[in-house]
Amino acid sequence: MPDAPRILYCHCAYAQVVPPDVKAAVLRRLCESGAAFDAVADLCEMAARRDPALKRLAEGGAVKIAACFPRAVKGLFHQAGADLAAERTEVINMRTQSAEEVSAALASADMNLNLPQGKTEAAAAAAAARKT
Amino acid sequence: MAIKDQTTLRVVLYEGAGAQPLGAADRFAALTELLERGYTVTRTGTGTVAPADRSTLLVLGRFDEGRVPQAEDAEGQVAVHFEDISGQDTAAIAGRVEWHREQRGAARHGEWKPWFPVIDYDRCTNCMQCLSFCLFGVYGADATGRIEVQTNDNCKTNCPACSRVCPEAAIMFPKYKAGPINGDAVTAADLGRERMKVDISALLGGDVYASLRQRSDDAKVRFSKERDDKKALAERQKCLTKLATAGDIPVEVLMSLPAPDEILRRAGEAKAKAAAALAMNHQTQS
């Protein structure tokens with residue numbers, strides 16, 4: 001039986017873009033659950049630092065990340081040189097989902113793989129044009 | 001020192017064998033306090049967490065009978081420190097962590113709002129418009145001529161201007177208020193919407209730098225004829241207000257822009273950098 005996915009929680013400490021009541025409720029439930037988890041103050045700050053910790057957070061099997069938009073989370077990790085693997089990453093969006101939805105997703109053994117992947121048509125066409 | 005060169009402290013809240021678990025409320029209070037202060041915290045329990053890296057580890061625990069473990073990394077790559085937090089309240093725990101941070105010379109968090117562009121390479125076509133546009137040297141190109149964010153400390157807090165000039169909505173600011181700049185999915189409607197395609201230069205009647213050059217020349221004539229500083233300032237403010245409104249650019253960012261001549265010099269540099277990167281990219285692609 002595979003290991004349960006790891007949990008990574010982002011507190012988005014340096015902006016008010018994640019509703020405070022949502023992130024507080026999600027963290028409270030994590031604390032009540034008895035589960036092991038990694039919590040970071042702010043993924044953006046870590047990405048800006050090129051923090052090597054992001055590499056260890058990206059590695060090591062399936063991971064569920066409670067943060068913001070999947071496109072942004074993917075970009076932040078990439079910019080820090082710590083690519084997330086699409087086949088084992090789920091990003092749960094605390095900007096748009098309720099605390100109940102986020103907590104349920106974190107607690108579930110199922111993975112909803114949702115990292116955007118692949119070039120858009122425009123980007124692919126531009127790359128092809130450069131080759132000709 | 002650039003923030004990417006600073007070291008950090010990883011805090012571990014240990015509640016396994018040889019330590020008493022915290023109550024859920026105490027755990028929540030301690031974690032919240034440490035996160036608000038910018039620390040990365042790992043809570044041990046049932047399940048796995050991320051592996052250790054080369055950062056300094058501070059292990060907090062209510063160790064049995066106050067017996068603080070002694071441990072070291074066999075490979076000597078991770079410095080491990082322990083702190084018994086038995087009987088300590090949240091403020092005291094945070095105080096001890098701060099003390100350890102200072103002792104290890106680790107980064108102090110929260111002194112800079114992490115505001116910088118994040119490139120969505122799934123959308124980016126490497127057109128270099130962002131590099132050409134930015135006057136603050138945030139962008140550069142890698143060895144293959146691919147656009148990248150190189151000096152994010154230079155980015156102007158709350159300014160999303162470069163994302164407005166990107167024709168593919170490939171530049172995100174995750175802390176921005178609205179999509180798709182905040183990383184929300186890009187829809188066809190977004191791309192078609194006028195505000196997504198805001199060509200800031202067009203607001204000034206064409207090429208923004210050509211326009212600034214014209215304004216600079218006009219200003220010189222005006223100064224020589226009238227020496228009317230107030231009129232020149234009013235003109236600049238009128239122009240900047242227009243930009244601020246259309247591009248959602250903080251007025252303080254616009255007001256801190258250098259004089260038109262310096263803007264032109266920087267713009268010339270940025271354009272040359274973009275052209276060189278494109279040439280390099282064409283070369284590596286062929």
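The side chain of R71(A) reaches the backbone oxygen of A169(B) at 3.4 Å. That is a polar contact, meaning a pair of N or O atoms within 3.5 Å; within protein, one must be able to donate a hydrogen and the other to accept it, and residues adjacent in sequence count only if both atoms are side-chain atoms. The backbone oxygen of G183(B) also lies 3.4 Å from a polar atom of the R71(A) side chain.

The model is predicted: local features need pLDDT of at least 70, side-chain atom pairs count only at pLDDT 80 or more, and totals for chains, interfaces and linings use all residues. Residues are numbered from 1 along each chain as its sequence is written, chains are lettered from A and ligands numbered from 1 in the order in which they are written, and side-chain values use heavy atoms, with hydrogens and water left out.

**Helix α4 of chain A**

R71(A) sits in helix α4 (residues 70-79) of chain A. Helices (H or I, at least four residues) and strands (E, at least two) are DSSP runs, numbered from the N terminus. R71(A) has a relative accessible area of 9%, so it is buried. Buried means under 20% relative accessible area, exposed over 50%, and partly exposed in between (1.4 Å probe, protein chains only). Contact means heavy atoms within 4.5 Å. Leaving aside neighbours within four places in sequence, R71(A) is in contact with P116(A) and with chain B residues including D120(B), R123(B), M172(B), P180(B) and D184(B).

Q79(A) is also in helix α4 of chain A. Its relative accessible area is 10%, so Q79(A) is buried. Beyond four places in sequence, Q79(A) is in contact with R50(A), F116(B), P117(B), V118(B), I119(B) and V149(B).

Chain A has six helices and four strands. From the N terminus on, its elements run β-α-β-α-α-β-α-β-α-α. Chain B has 10 helices and nine strands.

| Property | Chain A | Chain B |
|---|---|---|
| Residues; share buried | 132 residues; 59% | 286 residues; 46% |
| Of contacts at a separation of 6 or more, share at 24 or more | 72% | 63% |
| Accessible surface; share from carbon and sulfur | about 5300 Å²; 55% | about 13900 Å²; 52% |

Accessible areas come from the Shrake-Rupley method with a 1.4 Å probe; for residues, only the protein chains shown count as cover.

**Strand β1 of chain B**

Five of the five residues of strand β1 (residues 9-13) of chain B are buried, so the strand is largely enclosed by the rest of the structure. L9(B), V11(B) and L13(B) point one way from β1(B). R10(B) and V12(B) point the other way.

Two strands pair if DSSP finds at least two bridges between them. Five bridges join β1(B) to strand β4 (residues 56-63) of chain B, and the two run parallel. There, L9(B) has T56(B) as its bridge partner. Four bridges join β1(B) to strand β3 (residues 40-43) of chain B, again parallel. V12(B) has T42(B) as its bridge partner in β3(B).

**E83 of chain B**

E83(B) lies in strand β5 (residues 80-84) of chain B. At 10% relative accessibility, E83(B) counts as buried. A polar contact of 2.9 Å joins its side chain to that of R96(B). Not counting residues up to four places away in sequence, E83(B) touches L58(B), V59(B), L60(B), G61(B), F63(B), Q88(B), R96(B) and H100(B). E83(B) and R62(B) are 21 residues apart in sequence and 8.5 Å apart in space, C-alpha to C-alpha.

**Helix α10 of chain B**

Helix α10 (residues 260-285) of chain B has 26 residues and, at 1.5 Å a residue, should span 38 Å; its end C-alpha atoms are 37 Å apart, which agrees. The expected span is 1.5 Å times one less than the number of residues. Buried residues in α10(B) include I263(B), L264(B), A267(B) and N281(B).

**Cysteines**

The structure holds zero disulfides over all chains. A disulfide is a pair of cysteine sulfur atoms within 2.5 Å. The sulfur of C130(B) is 6.3 Å from the closest cysteine sulfur, in C127(B), which is too far for a bond. C130(B) is buried, with a relative accessible area of 11%. C31(A) is buried too, at 0%.
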